[in-house]
Every structure is written in structure tokens, then in C-alpha cells.
Amino acid sequence: MQPKIMMKKKSISASKASLVLFLCQMISALDVPLDLSQPPTITQQSPKDYIVDPRENIVIQCEAKGKPPPSFSWTRNGTHFDIDKDAQVTMKPNSGTLVINIMNGGKAEAYEGVYQCTARNERGAAISNNIVIRPSRSPLWTKEKLEPNQVREGDSLVLHCRPPVGLPPPIIFWMDNAFQRLPQSERVSQGLNGDLYFSNVQPEDTREDYICYARFNHTQTIQQKQPISVKVFSMDSLNDTIAANLSDTDIYGARPVTERQPVLLTPTGSTSTKVELRGNVLLLECIAAGLPTPVIRWIKEGGELPANRTFFENFKKTLKIIDVSEADSGNYKCIARNTLGSAHHVISVTVKAAPYWITAPRNLVLSPGEDGTLICRANGNPKPSISWLANGVPIAIAPEDPSRKVDGDTIIFSQVQERSSAVYQCNASNEYGYLLANAFVNVLAEPPRILTPANKLYQVIADSPALLDCAYFGSPKPEIEWFKGVKGSILRGSEYIFHDNGTLEIPVAQKDSTGAYTCVARNKLGKIQNEVQLEIKDPTVIIKQPEYKVIQRYGQVSFECIIKHDSTLLPTVIWLKDNDELPDDERFLVGKDNLTIMNVTDKDDGTYTCIVNTTLDSVSASAVLTVVARPNPPFDLELTGQLERSVELSWIPGDENNSPITNFVIEYEDGLHEPGVWHYQTEVPGTQTTVQLKLSPYVNYSFRVIAVNEIGRSQPSEPSEQYLTKSANPDENPSNVQGIGSEPDNLVITWESLKGFQSNGPGLQYKVSWRQKDVDDEWTSVIVANVSKYIVSGTPTFVPYEIKVQALNDLGYAPEPSEVIGHSGEDLPMVAPGNVQVHVINSTLAKVHWDPVPLKTVRGHLQGYKVYYWKVQSLSRRSRRHVEKKILTFRGNKTFGMLPGLEPYSTYKLNVRVANGKGEGPASPDKVFRTPEGVPSSPSFLKITNPTLDSLTLEWGSPTHPNGVLTSYILKFQPINNTHELGPLVEIRIPANESSLILKNLNYSTRYKFYFNAQTSVGSGNQITEEAVTIMDEAMASRQVDIATQGWFIGLMCAVALLILILLIVCFIRRNKGGKYPVKEKEDAHADPEIQPMKEDDGTFGEYSDAEDHKPLKKGSRTPSDRTVKKEDSDDSLVDYGEGVNGQFNEDGSFIGQYSGKKEKEPAEGNESSEAPSPVNAMNSFV
């Protein structure tokens, strides 16, 4: 579905509204102010053809204005109508409207006639149209005896209505006794004359209550014709009737229903004519008889039917063309066609025209001595004649006026005087009607006057036209000029439009158009001016429009409508649904700038429009809401084309609920074998509503259909009718046939049974057959009931068998089944693997070899070989512990295997066994082997205690896993100076039986880093590290304490702290701006090529030295608080070089924070600097 969002904008000052305002002002500019003398003007009158209700009073309108106010008189049928002599007739006060009192005894028929009103004052007389008064009539139907219509099936029939002639003509319709309209179609329809036409009758047309009704709208009455009876004889019943009275020959001659080619019932003949007046609706009709029912088609000979004005009604039997003109004249052909032929009729249409105005005369205001003209031009077919009247009298016999001259459709006035004032009537008439127009000539001498109120405020939306009014009057006609501001210059140029009625138009008003504008009107009798104000406002804009929404049923949806408007204008927001008010429903919540619909239902589907109105403009935006849901279930399931193995299923889709149906799922129920259980059958695309289904024998099928769209699945349809297929032999045999023995002397044959619908008939059984493979033996067979297992006893141990299982039912066997190979039961293997050999590869890995056992001794499916092995004793520790056996399984017929994860310097035993599906065979004799020595693990702990000025005591624990005979311990240590540089490395070898050492002759107040590991004859194990500090000299400590108590020292420290604080703030600002820290610069200056926290080329962490590398580290690290390094700690973690999670990287990858000495891989040589390792060192570095 594509998204639908519409927006439109309209403004009071927009072009259409401007034009309407302009035209209104144009008209008002021609009006003479009512305080000045002027001839009468007819302002309201009754229609020319005035049909009145005879039960109500007759009101004939005639209103006029003038100065002095006019008096009124009437003529009836061309002679004076003296209303004072008729008590039933009154004239309204200050009006010429007549009221004829019918409700108090008068009769409308007595006042039928042609009426004309005259309004007169001292300056002239105006007259109304001729008003024809006719009372409406609704006469009763004339009584007539209607004979029943007996018609043969297939013949045509016309039921005549012939309603009484009424005024106006009645509306005709056909109904039955129950007041239900009779259905109409291409075969049966009502003609324009009210008759009911049957192109061909059918037996269902038989009825006795065909009633024609005539409704007279003026009197609100309905007249009813006597019911008409129609009886249609079918050919079968007609033959039965004839057979009772006629001979066989006559019956044979009675012809059956025959098809007939079309014949026109109306109009008759091949041609006809039609005259219609311009502007009316042209209705042409063709109704034809025939069997099959003819179809009507219309063409215009030599031309096309007018687009946008042509409509077809009454099942295309009526051609309707609205607002016809002379160009619509021509020949129109209707063609009636069925399978047997066609008939046609040509209607020649002539469009005539009652008179219509080309230029109607307009009121003329002149000053004494001026010239002017009255023009009266009209057209029609035939061309109308023009005649003039002066004050209601033909101008030929009217009083002479030397200032006027009649020239056909024009009256020319020269040097008029005040006595030239009069009302002139122009009459244009032909045989189809007339036009009458009043136009006065008013001779006045008046100085200018401006009718627009002073200081009138005009408010206009920016970029819209601004129309500033300057309605004026004067005689002679004043000249109009516009100025902006009090002392501004006269307005000229293309940016302004000056209208004849005095209006100033600014086509595109901008903000700088705001201000005061002055209108000046002058003629030879005087001058006057008026000032108006113009304000330009910002347009109202919808900045967030409602958007197209698709929502599921029962969901919630919101439409936004956020607006921006001029601050001086107060907007109002209205929401519409499908251009109508929102439903009166509490689910619709209108907020300040949104519309929310809760619990959406299908009826909420539609277009929602947000309309924002101010006093000056209006904007709107629309969006479509599409409510989607799962489809409604299909219905009307039908089974056709039933065969033994197939059927066709068809259905009608339910409502897709605005989300197209993607596919239909067909399910079936087997009422014979699994009633109430529905199974998947197939599915088809959503465009398909029929499917050919394959069926199985002996199944009582019912089907149902489920529709699927993007929202989900519909409810299932109602089940179809049931269809029971015939029984047949089984089509297939059981699947998954196997033969596996459960005991050494049996064979268990199993299979998957056929499902109920696969049985194809009653009495489902299975024929189980077996024989030993590779032995010349006959098949042994047994027929069993509907089960899935059969056990053959007394078989040899683990021999192959050929097996087959065949299905059968009461009608016969399934096709011959395929054979499968099975085996009788297994037994435990008989012998153990021999010649077991062990080859020790290293201290943790050994390889085992053995000879395979003969396959016949396996007595089953060979699963593989299992190696059982366990440690007997650790040679480095004499204590024995619980023996834990380990098992490794080597699948298949393997003859060797690897034993990983052995402990160094230990004694092991192993044996090998063969395994089949039944279990394991006997074990081979135990084989003993030893693993060689390996490198030891790291010492279990290293503690540094009793620090003095020049000595430290080291204590350690032996390795948890010596992995051999320890030969010695290796101790390495080096000092760390105040700038974190590492001093020379010292190495000491310690006998293996020692567990402590006192290091002497060390420097006082110095940090040392220690590296400690154990050795066997194979090599060194992993090392552990530790750091410690010798204590300070007492005199120096005393001196430091003395300094710390001095006031100057305290002040200096405060200054340093303040400076550090300032530096931190600067660093923080630089960091936020992406600059580098001093720490980074220092690191860059003293970069260590071996220890890099980040690689510059790829941004990854640098690699640290390997555990086997014995180079000392170049940077020191701090010791943990407990001064103990656990052996389990990782040796290569990057976190080792930071204070836990406190270490961090800056923006360019440099590391910030102290280096800590949790772990180090190796001691390192060099003089690289690092941070002060302790508060004591920090103090020393300061002094």
C-alpha cells in the first residue's frame, strides 16, 4: 500500500475570495445611496411559471427600492387588477407583494392568470416579469377494467401506466401490494413514460400485484392504479393444457421457447426526432425486446458523445446529456444487440434556445449635460426580437425625450437633463420564452462621497493579495487616486492594480506593505479622501503534518498536527473524518496538537483532516488511516469433480481487512480414523480460490480453508461436506524396518505402522518375512495384526538376516517391499587385545599400541577399543593417594592411541579392552610405564620480612608440583631508584633443601625487586616476583620530621599543592580539547621498545616477553599490600601494569597511573624511570 498525505491551504485574501469581494464591490459601486433621488428598482419577484398549492394562500412577491419610496400596482391578464375590490386579496405594507387568501374560502382556480407588478415614483416606473399563476393538480386515476396478462415464456411484455395528467407531472414508480419496489434489471425496466417493459418474460414474473404509483410532489399525494396481473406460461405447462384438448399433431406443432433477435419496443420505427432547449437535460431512450436479453449501446453519428456531460441510466437504456447546447444537435443512434442479431434506431436531436443575455442593460447614473448608452443584447434559437419600454410603456408611445435616441438594441443619451431620469425595460423574446430587464437612467449632480468607513483596518496574510476598498459615489463619476501614508506620493506602477470600483489591489502583499493608505475621490463638484490601515500577518503553517498510518485492529494510533502561526491571530483546530465531523465516541481524544484514537476498529478506517482556522486564513492537512486485521474466514466451500483419488475444492474469500491475502491453507479431517483432528493438506496463493486435491482411499474427508495475510491467519472456514473415498489395496509398506536382537538368541523386527488414512481399506495387517543372509534358505513369514514389532527366537548369535515387511488389508497386498539387513542379538566379546606396548613421548604424553582382536570373537558390532589407565605413584613424593582410573575410547578398528595429560615423574598402569553393542570384553594384562622428570611449578609462596637498614629476610615454600627432583632455587634481585630506574641484577643459587635466606649489605631506604624460581635437572620452572624496601637512616628521618614541622615548609607545600591543582585544571581543559598530557610527553620521551602499552600502527596491545625469556624487566612495579604473590596469578596480563581498574589510557593511547608490581615475568636491566614507589621515596626525591 502506498502512503496518502494531502495538504491544502486557503486564505480569505486568496485569489478566489478576492474576486468575489471585488465583484461585490463592483456592484455596490453602481448603487445610488438611498438618501439620493433614484428611480425604482425591482429587488424581488416570484418566478415566471409559479405553480401554487391550491390548499394554501397564494403569495405573489414584488419588492422594490427607490427614492422616494415607490408605489405598487398590478395587472392581471393584461388589465388593471384592483385589489381593493377583492376581499380575499391584500398587499403587504411598504411592499408590492400580494397575498390571496385561499384558506378562508377562496379558490385557487379563480386566481389563475398572468400577473405583472409595477413599482413607480416620480423618477420612473419599473415592472416585473409576467408571472403565470397555476394551481397544482393531482387528479384521480380513471377507472378501467384491467384484463389479466397471459404471456408465453420468452415473449416481450409492456405494462402501461398511463397516469393522470397533473401539474406538475407526477413521479412514476412500480411497487407490489407490500409497498416494495419491484426489482428492475436489463430484462425488466421502467420507461420514461412510466410504462414497465419486459424484454422477455420468465416464469418468476408471474404475479397479480404489478401496481403503478404516481406521486404528486406539490400536493404530497400518491395515486395508485389498479393492480395488474401477469401469468407466464412455460412450454411444459402449455403442452399439458393443449394435450387435453388437441390431437397429437397439434401438440407436436406447439413451438418451444425460441431465442429471438432484438426488436425495439420504444421508440418505434427506425427514426424519430427530439427537440430540447439549451441548458436543459437531454434524455433519449431505447428499450428492446429479445431473447437473450439485448444489450444497448449509444453512439453519435459523425461525432463523439460529450465528455463529462454524458451519463447512462436505466441499464444503459437511457442516454442523459446535461447542460445541452446547440453543438449537441445531431443524430444519436441506439443499438440493441444479442447473440442472434441487432436492431437500431436513430433519434435526430435539435437544440433550440430560449433567449439568453449577451449584454443585459445596466443602471446609468449621469450628471446634467453628460452622454451615455443603454445596451440590450440577447441571443437564442431562433434569434430573439428586442423591444424597449420606458416606465413600462412601449417606447414608441412613451413621452418624447429629446436627449434619447433608440438604435435597435441600444438607446443613446446626449446632453441629459434631470427630466431625462426614467426606468427603461428591454424585452428579448422568441417562441421559447422571453427575457425582461429593468435599467434606470438617473440624472444627478452630486459631489464625491466615499462610502467605505474611515480608518477601516484590513488584515492580510503575507504573500497574498490585499484589496483596499474605496467605495464611492458622485455625479459626474469621480476620479480615484491612492497614496501611501499621510504625505506619500501617488501610487503607480505594476506592483499595484487599480479597479474601476475604487479598490486598490496589492497582488503580493509583503511585510513592508503594512501602513496607512489614503484614497482621494474628486470630480468637478468637489473632493474627498479617506484613510484605511493595512496589517500584514504571518501565514499559518502546519509544521508537523499527520502521516499515513497502518494500524492493526484494537490498536492505538495518533495523528500529529503541530502548527506555527502569527502571534496576533488565535487559531482553532478542527479534526474531520472523511470530510465530516469526528464520531461522537470517547475513543477519539483530541489534544492540543494531536488526535489519538484508542481501541481502533474497522469503522475508523478513512481520511483524517486537521483544519487550522484563523480569522484570515485556513490550512489543512490530511492523512489516511488504514485499519488492518487478520482476514475473515473463507465461506461457501464446495466440492466438485469427485473422483476416486481427487476432488476439486472451491471457496469464496472473506474480507481481507485491508491487508492482501497472501495464501490459503487447506486442511482435512479424516472422520473415519481420526475424527476431530485436522491435518495440513496443501496451500495455494492468495489469488487462487480453487484447488485440485489428491485423495487417499478409504478416508472420510472434510476440508476447511484458512486465509493468511501479513497480520496473521483467519479463523478456519466452516467444514465442507464430507466425501468418503472407496477402499483399495495399500499403496505403500511400513517404513523404517529394522532387525536388531535384544538377546544373543533372538531377532527383534520393528517398523513404523501405517497411519489410518494410509491403510486404504479395512483389515490392515502386516506380513513379516525373514531369512538368514548368505545361507541357501527359504523365507519364513508370519502375518500379524496392526502392530509394529515381531520377535524371532532361537537365532544364532549375531548373524545377518534379510528382512521385509509388507502391508495388506481386506482388498489385498501392497506392492512388494524392499529388503533390509538386520542382525540377531550380540554377546560380549570373547578375547582381549594382545601385544600391548607403551611408548613414552615426553613427561605428559604417551602412545599405546595393541593388536586387534579377530572380528569373529567380537560377537557384535565393533564399537572400538577402550584404554583404562591410572597413576600408581608419584616418584617425587612417596605418599600414595586414591587411585582414579581414566578411560579413553578409540572408535572403530584402531590399533593405537595417545594418552595426554600425564603427570611428570610418575608411575602408571594401563590395560586395553574391545567393546561392542553388548559391552566390553576381557582386559589385557596391565602394562606399567613411567614418565620422565619435568620443570617444576613456581614456588608456592615468597615472603619478605624483617626489613632493616641493610638486610631483608626471604622465606618461600617448595613448588606444589616438583615434577622431579629439585636441584636448587634461583634468586635474582635488583634495586629501583627514586626515578624508577632499575639497577644491576644480582643472581644467587640456593640449595634445594633451604626455605629461607637473609640478604645483607643492602642499601638503606632502597626498594628492591626479587625474582624467584625452582629448578630440576630438566630446567627452571615459572618464577614469582616480589618487592621490598629497606628502612631509612634514623638521623635522616629525624631531620625530615623536623623540616615537616617548620612553618616555611608548610607554606611551601601549600603553594606546591595550589600549583598542582592549577596544573590539573589546565590538563583537564586540554584533555577536553583533545590535547596531550605531560605524562604522555614524558612517556614518549622515555619510550621502552620492549614494553609498549599500544602499538601505534594498528592500535593493539603490545606483546610482553615470553615466560621462557630470562631477560630482566626494565621497569619496576609495586608490591601488593600483603607482599605475597600467588602462583596462580597470570604472568601476561596487561592489568599487571596498573593499579587494578584505576589504570587508564588517555585519548592518544598513552597510559596514565602508577605502574604496579602485582606480577612481572622477568627481571630487567636498564635505567628507565617510573613514579615514586612509596610516600617515603616521594619525600626523599623532594629533598
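A disulfide here is a pair of cysteine sulfur atoms within 2.5 Å.

**Entry 1: ground rules.** I am working on a predicted model, so I note that local features need pLDDT of at least 70, side-chain atom pairs count only at pLDDT 80 or more, and totals for chains, interfaces and linings use all residues. Residues are numbered from 1 along each chain as its sequence is written, and side-chain values use heavy atoms, with hydrogens and water left out.

**Entry 2: the count.** I applied the sulfur rule and got six disulfides. I then numbered the bonded cysteines in sequence order and read the pairing as 1-2, 3-4, 5-6, 7-8, 9-10, 11-12.

**Entry 3: cysteine 62 and cysteine 117.** I looked up this pair next. The two sulfur atoms of cysteine 62 and cysteine 117 sit 2.0 Å apart, and they form a disulfide. I read -70° about the S-S bond, a left-handed link. Cysteine 62 is in strand 5 (residues 62-67) and cysteine 117 is in strand 10 (residues 113-121), so the bond ties together parts 55 residues apart in sequence. Strands are DSSP runs of E, at least two residues, numbered from the N terminus. I checked burial too, where buried means under 20% relative accessible area, exposed over 50%, and partly exposed in between (1.4 Å probe, protein chains only). Cysteine 62 has 0% relative accessibility and counts as buried. Cysteine 117 is buried as well, at 0%.

**Entry 4: cysteine 376 and cysteine 426.** I found a disulfide joining cysteine 376 to cysteine 426, with S to S at 1.6 Å. The torsion about the S-S bond is about -65°, so this disulfide is left-handed. It links distant parts of the chain, 50 residues apart. I placed cysteine 376 in the loop between strand 31 (372-375) and strand 32 (377-381), and cysteine 426 in strand 37 (residues 422-430). Both cysteine 376 and cysteine 426 are buried.

**Entry 5: cysteine 470 and cysteine 519.** Where do cysteine 470 and cysteine 519 lie? I put cysteine 470 in the loop between strand 41 (466-468) and strand 42 (472-475), and cysteine 519 in strand 46 (residues 515-523), so the pair ties together parts 49 residues apart in sequence. Their sulfur atoms are 1.8 Å apart and form a disulfide. I noted -55° about the S-S bond, which is left-handed. Cysteine 470 is buried, at 0% relative accessible area. Cysteine 519 is buried at 1%.

**Entry 6: cysteine 1067.** Is cysteine 1067 buried or partly exposed? I read a relative accessible area of 22%, and cysteine 1067 is therefore partly exposed.

Definitions and conventions. Helices (H or I, at least four residues) and strands (E, at least two) are DSSP runs, numbered from the N terminus.
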